[in-house]
Amino acid sequence: MAKKFRIIDSHLHFAVKNENLGKNHQEYMNEFGEEKWKKLQQMNKFQQDQWKKAWGFPDALPECDTIEETCQLWLDDLDAKGVEKAVFVTAGGLEQSNENMARIIQFAPDRFIGYAHHDPFAPDAAQKLEYAISQQGLRGIKILGPALDRPLDDKSLYPLWQVAEKHQVPVLFHFGIMGAAGGIMDHINISPKIIQNVAKAFPDVIFIVPHYGCSKVEDALFLCWVCPNVYIDTSGSNQWTRWMPYPLTTKDLFKKYYETIGPDRILFGTDGSWFPRGFVSEYLDVQMRDCVELGFSDEDIQKIFAGNIERVLGRYIK
C-alpha cells in the first residue's frame, strides 16, 4: 500500500559515534555514578526485549566510524525502502549536532534535510540558529523540553523564536515522558501546554509536537485547538500508549487528531536512528494501515506522509 504514495520521514535521528549520550543520562551518572545507571538499564531489559520482540527488531550495530559512512547507509536504506527524503532532527550531542548536520545535508542535499539542535538557553542561541539556517543550511530546530532547566515560555527565548519566524522554519519540541528506566516523567516542560503563549505570540511559526503528544494527549489536543500553528507528528513506536490508564492505540490517536485538527496538520515520522533497522518500515506499515482502515482519502494520506512536511519546509525543500 505504501508504494502507492510518496514517503518523506519528518522525524529521524542521525547516530554519531561517541556523541549519543543524552543530558539526562550524563547528569544521572555525574550525580549517582555509572554503575547505578547500568543497573537501571539492566532492570529495564525485560521491557526492551519485549519491544524488540514485538516488532521483530534486530540488535543495534555499533555506530560507523565516520558521518559519511552512516550517510551512505541511510541513502542505501532509503532507496531500498522507497523513501523519498529524510528529515534528521538531531545528529549527536548538543555541542556538535549543528556542525554534524551541516556535513550530513551536504552529503545528499536532494535527499537529506537537517534541523539545528543546540541549547536554547545558551546566551548565543538565537545567533546559533541564525547561523545554522543562513550559513549551514539547516531548516528547523529540535528542542528536548524535559532536558532543560528552565520553562519554554520564558521570554528570554523570544529572540530564538524570532529567528524561526524570520526564516519561516519549524520548531519541533519533545514533550511527555523521555526515556524509560532513569528517564523523566515529570518536569516543568513535560506538557505541551507550556508553549501556548509562545505559539500565540508567533503565529507564523509552525510548532511541532511529536509522538502524538507522548502521554500528554489531552494537553496536546487543547493546545492544537487554541493554536492553529501547532502540528502533530506520528513518530516512534508510541509504546507509551500501553502505559496509559485507559485503552489507547495509535489508530485511536490518528482518528482523534484527524477529527479535530484535520489532515493538514499531521506529519508522518518514524523516530528511526540506528542500523540495521534504519528507516522503520514496520511503523510506516502500521500507520498506513490505520489511515486506510479509518477511511482517509488518498489525498489526505498523501498529505500526511509527504505533502504536509513539504509545505511546512516550504522554499527550503527541493
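## Overall dimensions

A compact globule of 318 residues would have a radius of gyration near 20 Å, and the value of 18 Å found for this protein agrees with that; the radius is taken over C-alpha atoms, and the globule rule is 2.2 Å times the number of residues to the power 0.38. The structure is a predicted model, in which local features need pLDDT of at least 70 and side-chain atom pairs count only at pLDDT 80 or more, while totals for chains, interfaces and linings use all residues. Residues are numbered from 1 along each chain as its sequence is written, and side-chain values use heavy atoms, with hydrogens and water left out.

Taken along the principal axes, the box filled by the C-alpha atoms is roughly 50 × 45 × 45 Å. The secondary structure consists of 12 helices and 8 strands, where helices (H or I, at least four residues) and strands (E, at least two) are DSSP runs numbered from the N terminus.

## Burial, contacts and charge

Of the 318 residues, 53% count as buried, a class defined by a relative accessible area under 20%, with exposed meaning over 50% and partly exposed in between (1.4 Å probe, protein chains only). The protein exposes about 14,800 Å², of which carbon and sulfur atoms supply 53%; accessible areas come from the Shrake-Rupley method with a 1.4 Å probe, and for residues only the protein chains shown count as cover.

Among contacts (heavy atoms within 4.5 Å) with a separation of 6 or more, 78% are between residues 24 or more positions apart. The mean positions of the 35 positive and 43 negative charges are 3 Å apart, with Lys and Arg counted as positive, Asp and Glu as negative, and His and the chain ends not counted; each charge is placed at NZ of Lys, CZ of Arg, CG of Asp or CD of Glu.

In helix α1 (residues 23-32), the buried residues are His25, Tyr28 and Met29. They cover an arc of only 95° around the axis, which puts them on the same side of α1; the arc is that of the directions from the helix axis to the C-beta atoms. These buried residues pack against α2 (34-43), whereas the face turned away from them carries the exposed residues Asn30 and Glu31. After α1 comes Gly33, with a positive phi near 100°.

Helix α6 (residues 125-134) has Ala125, Ala126, Leu129, Ala132 and Ile133 as its buried residues. Seen down the axis of α6, they fall within an arc of 125°, so they line one face of the helix, and their cover includes α5 (97-107), β4 (141-144) and α7 (158-167).

## Loop residues and backbone geometry

Ala181, in the loop between β5 (171-174) and α8 (196-201), is in contact with Trp37, Leu40, Gln41 and Asn44 once its neighbours within four places in sequence are left aside. Ala181 and Asp119, 62 residues apart in sequence, are 24 Å apart in space, C-alpha to C-alpha.

His211 belongs to the loop between β6 (207-209) and α9 (217-226) and counts as buried at 7% relative accessibility; Asn238 lies in the loop between β7 (230-233) and α10 (250-260) and is buried with a relative accessible area of 5%. A cis peptide bond, with omega about 15°, joins Phe275 and Pro276, and Pro276 is found in the loop between β8 (266-267) and α11 (281-293).
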